Amino acid sequence: MRCGWGGGTMRGCFCMSEEHARLPPAARLTKWLVSGPPFVYLLLFFAAPGLIMVLASFRFPGEFGGLAPFTATDPDALQGLTLETYRFFFSDFIYTEIFIKSFIVALTTTLICLVMAYPLALLIARSPKKSRDLMVLLVILPFASNFLIRVYAWMIILGPQAALSLAFNGLLGMFGVEPVRLLFSPFAVLVAMVYVHLPFMVLPLYTNLERHDPTLLDAAQDLGANAWQRFWRVTFPLSLPGIFAGSVLVFIPVMGMFAIPDILGGTGDMLVGNLIKEQFLGTRDWPFGSTLSIMLTLAVLLCVWIAARLGGRRRYA
Amino acid sequence: MRRGVWLWTAALAVYAFLYLPLLIVIAYSFNDSRLNAEWVGFTWRWYGVLFHDEDMLAAAGNSLLIATVSSLMATLLGTMAGIAMHRYRIKTLTFIVMAPVAMPEILLGVSLLLFFIQLLNLTLGTLSIMLAHITFSIGFVAIVVRTSLAGLDESLFEAARDCGASPWETFRHITFPLILPAVAAGGLMAFTLSIDDFVITFFTAGVGVSTLPLHIYSMIKIAVTPEVNAVSTLLMLLTLTLIVLAAKFAPDALKGKG
């Protein structure tokens with residue numbers, strides 16, 4: 001459902017214009033009438049804001065927050081543009097550190113989701129055709145309830161008065177360990193991250209596993225492969241595209257998440273998303289906020305590109 | 001069948017993990033206690049509190065208005081985009097439609113905040129939220145519509161053309177009725193996305209206007225009250241209804257997720 005970040009955009013353009021020239025005038029008009037409005041809307045409310053953000057990252061913050069007005073040029077800065085925010089980003093390791101922390105959280109969440117989603121997706125794919133739709137719907141349903149409600153549920157479960165906290169701390173107490181706080185901790189953040197994004201992993205995995213040809217497993221069995229070998233040598237390699245799709249769908253939103261650390265995390269659990277939110281709504285340093293957003297975009301693109309390279313090589317090997 | 005047992009155990013554990021937290025929220029919405037801790041007794045009290053909370057009702061009204069307007073606009077633009085993507089395969093259009101769906105929400109939120117304030121000089125409020133919601137909903141509608149178009153039998157259109165139907169007549173009498181369920185499903189999806197959105201609304205709402213998710217957020221940031229459980233339960237009921245409806249209209253479109 002989500003488009004890949006792959007190339008081919010330019011090539012697509014050229015193909016289009018060639019095909020376009022062959023269309024009769026009336027068909028050409030229809031084409032512009034159909035594709036024009038959504039294109040213009042997104043140009044205005046998606047592409048333009050993106051460009052403004054890139055531009056903003058090269059500017060100075062205004063006196064009262066936001067951006068410096070375009071007319072008041074600093075005598076030292078060329079036409080009011082500056083690399084200051086980027087210099088600032090690399091001047092203090094704390095920002096890079098937060099990016100690394102976000103990356104680790106996103107990777108951990110992705111791996112936990114994969115481990116939890118795989119058996120479920122496999123079971124659904126191997127269930128009778130009739131029950132599959134219901135089983136998939138049961139995965140989608142909780143995911144359809146409001147995001148904040150799903151995060152809030154963990155505030156109750158992990159709260160200091162809840163049964164889970166009491167039981168856990170009771171257990172720790174038996175070994176003479178001090179009670180710990182589950183809520184407002186990195187643990188709470190990770191649990192909620194997994195909880196919120198798990199369906200994103202189950203669905204593409206299931207879509208992939210469902211398409212596997214069952215006779216391959218029979219052939220493997222006839223050739224003497226045991227259950228583990230059949231899984232590891234046949235099912236797993238064939239499911240790599242599904243694993244890749246699911247991982248991308250989990251990894252990207254977790255990288256930019258600010259609400260979960262904001263609600264369930266402690267003061268030390270700040271991720272990139274929280275840092276960006278702070279720049280835009282807290283300290284109102286919009287140029288630096290824009291720089292962080294661009295760094296986040298680049299980081300996400302880089303990770304997905306690396307994963308696509310790794311996945312691609314395995315897939316066609 | 002040891003392997004089967006193992007798979008079932010793992011899968012049931014995951015289902016429990018998915019459902020228990022939500023069931024706990026629902027259960028506590030009927031608990032006759034201010035604390036979300038032990039079970040005291042059954043009550044409807046928190047629903048009564050909810051229906052007398054002026055701020056909450058105003059936020060719910062805003063959410064409904066925004067979701068209605070933005071889902072209608074997104075359905076129109078998204079259907080056009082889906083048709084264009086299927087029919088003309090314009091790569092730049094596909095990219096600009098899918099990118100808002102694929103990128104972290106916060107990026108869309110902050111870039112729109114910058115754009116509205118810095119370039120349009122717009123006072124943030126209902127209008128800016130609607131414009132933002134349309135932006136991210138177009139892609140979802142387009143995907144559902146395109147999936148439906150891809151599943152249609154091409155020979156239907158050839159038959160229509162052979163019978164002398166103009167492209168418009170073919171669209172009006174053949175294509176549109178066939179993709180209508182997908183359009184409806186996409187519209188319901190856009191409505192759900194808009195009602196539920198927190199992150200993008202958070203950045204484009206400004207100070208004066210609140211929506212249901214924004215109001216819930218401000219409540220749980222201050223304190224956890226049973227009233228939040230009650231509103232959550234009602235909201236779950238609403239989205240559940242919408243999802244079931246969408247699944248009825250276009251079962252394949254929903255499965256095509258991911």
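## Overall make-up of chain A

Chain A has 14 helices and zero strands, in what is a predicted model.

Chain A holds 317 residues, of which 38% count as buried. When contacts in chain A between residues at least 6 apart in sequence are considered, 69% of them join residues at least 24 apart.

## Two helices that cross within chain A

Helix 9 (residues 214–222) and helix 10 (residues 227–238) of chain A have axes that come within 10 Å and cross at roughly 135°. An angle over 145 degrees would count as roughly antiparallel, and these two helices of chain A are therefore oblique to each other. The crossing in which helix 9 of chain A passes helix 10 of chain A is right-handed.

On the side of helix 9 of chain A, the residues that take part are L216(A), L217(A), A220(A) and Q221(A), and they meet R230(A), R233(A) and V234(A) in helix 10 of chain A. By class, the residues of this contact divide into four nonpolar, one polar and two charged.

## Where chain A and chain B touch

Between the chains, 77 residues of chain B are in contact with 83 residues of chain A. Helix 1 (residues 2–28) of chain B gives the most to the side of chain B that touches chain A, contributing 14 residues. That side of chain B is made up of 60 nonpolar, 11 polar and six charged residues.

One pairing across the two chains involves helix 6 (residues 147–158) of chain A and helix 10 (residues 212–222) of chain B, whose axes come within 11 Å and cross at roughly 15°. These two helices are therefore roughly parallel to each other, and their crossing is left-handed. In this pairing L148(A), Y152(A) and M155(A) of helix 6 of chain A meet P213(B), I216(B), Y217(B) and I220(B) of helix 10 of chain B, and the contact has seven nonpolar, no polar and no charged residues.

## An enclosed helix of chain B

Helix 5 (residues 105–119) of chain B has 15 residues, which at 1.5 Å a residue should span 21 Å, and this agrees with its end C-alpha atoms, which are 21 Å apart. Because 13 of the 15 residues of helix 5 of chain B are buried, this helix is largely enclosed by the rest of the structure. Helix 5 of chain B is followed by N121(B), whose phi is positive, near 55°.

Conventions
Residues numbered from 1 in each chain as written. Chains lettered and ligands numbered in written order. Predicted model: local features only at pLDDT ≥ 70, side-chain atom pairs only at ≥ 80, totals over all residues. Contact = placed C-beta atoms within 7 Å. Helix = DSSP H or I, 4+ residues; strand = E, 2+ residues; numbered from the N terminus. Nonpolar A, V, L, I, M, F, W, Y, C, P; charged D, E, K, R; others polar. Axes fitted to C-alpha atoms, helices over the stretch in contact; angles between N-to-C directions. Parallel < 35°, antiparallel > 145°, perpendicular 65-115°, else oblique. Left-handed = near helix turned anticlockwise from the far one by under 90°. Buried ≥ 20, exposed ≤ 12 C-beta atoms within 10 Å, placed from the backbone. Expected span 1.5 Å × (residues − 1).
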